[in-house]
Amino acid sequence: MDRLIGREREMKELDRCLKSNQSEFVIVYGRRRVGKTFLVDEFFHSTYDFSYVGGHNVSPKKQLRDFAKAIKKYARLPKQPRFADWSEAFDALAELMESLPSDRKKVIFIDEMPWIDTPQSDFVEEFETFWNGWGARRRDIMLIASGSATSWMIDKIIENQGGLHCRVTCNLYLRPFTLNEAEQYLQMR
């Protein structure tokens with residue numbers, strides 16, 4: 001964490017969520033290049049139980065293939081699974097998390113979530129089912145969703161009037177550095 005400048009409030013919130021006795025749904029959003037992924041990577045030392053980064057302008061098929069590749073990596077599977085849709089992909093993620101030790105919080109990081117939600121992908125609907133039907137009912141999951149498309153994060157997740165209504169347990173909006181933080185950053189570099 002020596003490389004992090006500022007972000008004390010955000011780190012306290014991440015720590016609180018990690019130590020809580022319930023599952024946590026954390027949203028990290030803000031404009032591009034403000035340090036969202038860097039904050040999460042530094043806080044968790046890039047050590048996750050599962051991590052996936054959505055691809056920009058990528059077809060739903062390719063998103064699912066890339067998600068399957070991440071499942072293969074984290075589950076240490078000999079062969080990459082194939083998913084017909086996001087329902088199957090989230091079932092595999094739940095299965096992976098259930099195979100891990102039950103005595104600690106499992107950290108899932110989905111970065112650039114807005115890029116995953118392409119037309120006809122049903123991503124948000126299946127994510128709602130995954131979180132409501134599985135994640136929120138547990139006590140050992142910390143799901144962090146991040147994205148630069150602030151309006152998408154607000155409309156589809158934070159202010160969701162469907163299955164994700166009031167499901168976000170920690171809302172972290174990252175602002176650009178203050179002048180003092182920018183000076184610290186430049187001196188560090």
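## Arg104 and its partner Asp49

At 33% relative accessibility, Arg104 is classed as partly exposed, a term for values between the limits for buried (under 20% relative accessible area) and exposed (over 50%), computed with a 1.4 Å probe and protein chains only. Arg104 forms a salt bridge with Asp49, and their closest N and O atoms are 2.8 Å apart. This pair links distant parts of the chain, 55 residues apart: Asp49 is in the loop between α2 (36–44) and β2 (50–53), and Arg104 is in the loop between α4 (86–98) and β3 (106–111). Asp49 is buried, with a relative accessible area of 14%. Here a salt bridge is a side-chain nitrogen of Lys or Arg within 4 Å of a carboxyl oxygen of Asp or Glu; helices (H or I, at least four residues) and strands (E, at least two) are DSSP runs, numbered from the N terminus.

The model is predicted: local features need pLDDT of at least 70, side-chain atom pairs count only at pLDDT 80 or more, and totals for chains, interfaces and linings use all residues. Residues are numbered from 1 along each chain as its sequence is written, and side-chain values use heavy atoms, with hydrogens and water left out.

## Further salt bridges

By the stated rule, the count comes to 10 salt bridges. Side chains of opposite charge can pair when their charged atoms come close.

One of these salt bridges joins Glu98 to Arg138, with the closest N and O atoms 3.9 Å apart. Because Glu98 lies in helix α4 and Arg138 in the loop between α6 (123–133) and β4 (141–147), the pair ties together parts that are 40 residues apart in sequence. Glu98 is partly exposed at 46% relative accessibility, and Arg138 is partly exposed at 24%. A network of salt bridges links Glu98, Lys106, Arg138 and Asp140.

Within helix α1 (residues 8–19), Asp15 and Lys19 are four residues apart and therefore separated by about one helical turn. Their salt bridge has its closest N and O atoms 3.0 Å apart. Asp15 is partly exposed at 27% relative accessibility, whereas Lys19 is exposed, with a relative accessible area of 64%.

## A nonpolar surface patch

Phe177, Tyr185 and Leu186 make a nonpolar surface patch of about 290 Å². Patches consist of residues with over 30% relative accessible area and no salt bridge, like charges being joined within 9 Å and nonpolar side chains (Val, Leu, Ile, Met, Phe, Trp, Tyr) within 5 Å. Accessible areas come from the Shrake-Rupley method with a 1.4 Å probe; for residues, only the protein chains shown count as cover. Leu186 is located in helix α8 (residues 179–188) and is exposed, with a relative accessible area of 61%.
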